[in-house]
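This report walks through one protein chain.

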Amino acid sequence: MPRSKRLIINGRFLKLHITGMERYAREIYNRLPREGVVAITPTTPLYGLAGYAWEQTYLPRKVGSDDILWSPTSSGPLLVPNQILTIHDLSIFDHPEWFSAGVRLTYATLLPRLARRVRHIVTDSAFSRNRILEQLAVHPDRVSVLYPGVTTRPDTLTPRGAISNVPYDYI
């Protein structure tokens with residue numbers, strides 16, 4: 001009997017400390033149904049080149065030809081074309097001074113190729129979509145804006161400079 005299609009999550013973010021991209025990915029991942037969804041994670045936290053190497057070598061072997069992979073943190077395996085890639089921004093190109101030489105080289109090499117290879121790209125603002133179209137030269141039909149949401153549990157939020165009369169959902 002053939003295996004049913006699965007949504008495979010590039011779960012490297014589940015082993016990392018939580019920054020903005022990891023928070024985004026966790027919030028969505030925690031709301032996905034568990035049936036037919038599989039997160040593939042490394043056994044230990046992998047940062048930098050070790051993490052990118054894991055994504056390029058180990059992860060593609062775990063994704064079947066009928067599966068679709070979601071890579072939520074701006075990187076993923078080049079060998080998996082049936083992939084949805086979330087690119088949050090292009091700060092690596094817009095502000096290279098914020099990143100180490102190794103990170104700049106990795107993204108300058110990986111991201112344009114990955115963006116042209118994946119099935120679809122998701123980003124979280126119209127500005128980022130326009131930058132992706134300009135910088136990475138992908139067809140506009142392959143890039144969608146999905147605005148991020150936030151939890152409705154105020155105890156999990158620590159807004160800085162929040163205005164007291166603005167609901168947490170809008171902060």
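Buried means under 20% relative accessible area, exposed means over 50%, and partly exposed lies in between, with a 1.4 Å probe and protein chains only. The model is predicted: local features need pLDDT of at least 70, side-chain atom pairs count only at pLDDT 80 or more, and totals for chains, interfaces and linings use all residues. Residues are numbered from 1 along each chain as its sequence is written, and side-chain values use heavy atoms, without hydrogens and water.

**Overall fold**

The protein chain holds five helices and six strands. Helices (H or I, at least four residues) and strands (E, at least two) are DSSP runs, numbered from the N terminus. Along the sequence the pattern reads β-α-β-α-β-β-α-α-β-α-β. Of the 171 residues, 39% are buried. A contact means heavy atoms within 4.5 Å. Among contacts with a separation of 6 or more, 55% link residues 24 or more positions apart. The chain exposes about 10000 Å², and carbon and sulfur atoms supply 57% of that area. Accessible areas come from the Shrake-Rupley method with a 1.4 Å probe; for residues, only the protein chains shown count as cover.

**The sheet**

Six strands form an open sheet in the order β2-β1-β3-β4-β5-β6, with parallel pairing. The edges belong to β2 and β6 (143-145); each has a single partner strand, so one side of each lacks a neighbour in the sheet. From one strand to the next, the twist averages 25°. Two strands count as paired if DSSP finds at least two bridges between them. In general, strands of a sheet pair through backbone hydrogen bonds, either parallel or antiparallel.

Strand β3 (residues 68-71) pairs with β1 in the parallel sense over three bridges. Here Leu7 stands opposite Ile68. Three bridges also join β3 to β4, again parallel. In this pair Trp70 faces Ile84 of β4. Both faces of β3 are covered. Ile68 and Trp70 are buried on one side, Leu69 and Ser71 on the other.

**Helices against the sheet**

Helix α1 (residues 20-29) lies across β1, β2, β3, β4 (83-86) and β5 (120-123). It runs at about 140° to β3. Axes are lines fitted to C-alpha atoms, for helices over the stretch in contact, and angles run from 0 to 180 degrees between N-to-C directions.

Helix α2 (residues 48-57) has four names on its buried list: Gly51, Tyr52, Trp54 and Glu55. These residues sit on the same side of α2, because they cover an arc of only 155° around the axis. The arc is that of the directions from the helix axis to the C-beta atoms. Their cover includes β1 (7-10), β2 (37-40) and α4 (101-117).

Ser74 has a positive phi although it is a residue other than glycine. Ala137 is not a glycine either, and its phi is positive too.
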